[in-house]
Amino acid sequence: LHVPKLGDVNMTEELRFQGKIMSATISSRAGWWFVSIAVEVKHEIPTHKGGSVGIDLGIKTLATLSNGEKFENQKHYRRNLARIQGLSKGLSRKVEGSQNWWKNAKKLAKAHYRVACQRQDLLHKMSTKVARAYALIGLEDLNVKGMLANHCLAQAVSDASFFEVKRQLLYKSEQYGGSVQLVDRWFPSSKTCHACGWVKEDLTLADRVWMCEQCSTVHDRDWNAAIMVEIEALRKVPDVPPVASSERTIACGAERSGPAMGETVCCEAGTKVL
């Protein structure tokens, strides 16, 4: 890479795309230098042949899919919190601007950057896997700003990065020829039985498993919510390419794909599920 007034600079990897280079932005973060190169390429949006899926986002489990698959919340910030707090305390006890202060500041910046990289790695693997597999993705339009106002949940919500999950799914699904259908945040996905449509009005946040009083179906709260999100998304966007071998009809009238009731598949992002 040739930088004006600096000369040629070696890059750690080759340019991934062939095309006309439009611009290059050089930035620095936590002691590392990066260059972001915008390249004009021809991109034909493919026809997605996948089915549909609903996603329920949460703090305990980052994402629960309507097919039973779960992506666990790795809680990267919380796992690294002790080190970050120690470095922050050490920084506050040093003379600002001194050499030791700058050394400590660089260590703290690298600790924060490490957490950010771990979080982005998880979210990118998860969103890419889902966007490639499904033509229609149902997702709740959560009020993240309002959730951050709750000081008891603010740190956990920030660590989970719900908005970043939504952002990545929106542009990746479009890239792979699919679409994301946002479901209204007031839609009672957790309270509604996906088998018969009965609504449990007194459901609380502490109720992780509940039984429908009308059809006696036992529900996992997150999984049931994901199924209802998929049903609502299919209701709004009915024209979804079918999945040939794994369709089944559920009581609310929509079709969905995935394992039968009780066949929950748990994995981390990037893990192959057989």
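Colleague: Where is Arg185 found?
Modeller: Arg185 sits in the loop between strand 9 (179-183) and strand 10 (209-211). Keep in mind that this is a predicted model.

Colleague: Is Arg185 buried, partly exposed or exposed?
Modeller: Partly exposed, because its relative accessibility is 37%. Buried would need under 20%, and exposed over 50%.

Colleague: How far apart are the C-alpha atoms of Arg185 and Glu140?
Modeller: They are separated by 5.8 Å. Along the chain, Arg185 and Glu140 are 45 residues apart.

Colleague: Let's do Leu148. Which helix is it in?
Modeller: Leu148 belongs to helix 4, which covers residues 144-148. Leu148 has 36% relative accessibility, so it counts as partly exposed.

Colleague: And what separates the C-alpha atoms of Leu148 and Ser158?
Modeller: 7.4 Å, with the two residues 10 apart along the chain.

Colleague: New topic: charge. Which residues form the positive surface patch?
Modeller: There are arginines and lysines in it: Arg79, Arg83, Lys89, Arg93, Lys94, Lys103, Lys107 and Arg114.

Colleague: Which helices each supply at least two of the patch residues?
Modeller: Helix 2 (81-92) and helix 3 (99-133). Helix 3 has the largest share, with three residues.

Colleague: Pick Lys89. Where does it lie?
Modeller: Lys89 is in helix 2. It counts as partly exposed because its relative accessibility is 48%. A patch residue needs over 30%.

Colleague: Now the nonpolar side. Which residues form the nonpolar surface patch?
Modeller: Leu1, Leu6, Val9, Met11, Ile26 and Trp33. Together they have about 620 Å² of accessible area.

Colleague: What about Val9, where does it lie?
Modeller: In the loop between strand 2 (7-8) and strand 3 (20-29). Val9 is partly exposed, because its relative accessible area is 34%.

Colleague: What do nonpolar side chains tend to do in soluble globular proteins?
Modeller: They tend to be buried together.

Colleague: How many residues are in the largest nonpolar core here?
Modeller: 21. Ile55, Leu65, Val130, Ile137 and Leu169 have the most contacts inside it.

Colleague: Which one gives the most?
Modeller: Helix 3, with four residues. Helix 3 also gives the largest share of the positive patch.

Notes. Residues are numbered from 1 along each chain as its sequence is written. This is a predicted model: local features need pLDDT of at least 70, side-chain atom pairs count only at pLDDT 80 or more; totals for chains, interfaces and linings use all residues. Side-chain values use heavy atoms; hydrogens and water are left out. Patches are made of residues with over 30% relative accessible area and no salt bridge: like charges are joined within 9 Å, nonpolar side chains (Val, Leu, Ile, Met, Phe, Trp, Tyr) within 5 Å. Accessible areas come from the Shrake-Rupley method with a 1.4 Å probe; for residues, only the protein chains shown count as cover. A salt bridge is a side-chain nitrogen of Lys or Arg within 4 Å of a carboxyl oxygen of Asp or Glu. Lys and Arg count as positive and Asp and Glu as negative; His and the chain ends are not counted. The place of a charge is taken as NZ of Lys, CZ of Arg, CG of Asp or CD of Glu. Buried means under 20% relative accessible area, exposed over 50%, partly exposed in between (1.4 Å probe, protein chains only). A nonpolar core is a set of buried Ala, Val, Leu, Ile, Met, Phe, Trp, Tyr and Cys residues joined through side-chain atoms within 4.5 Å.
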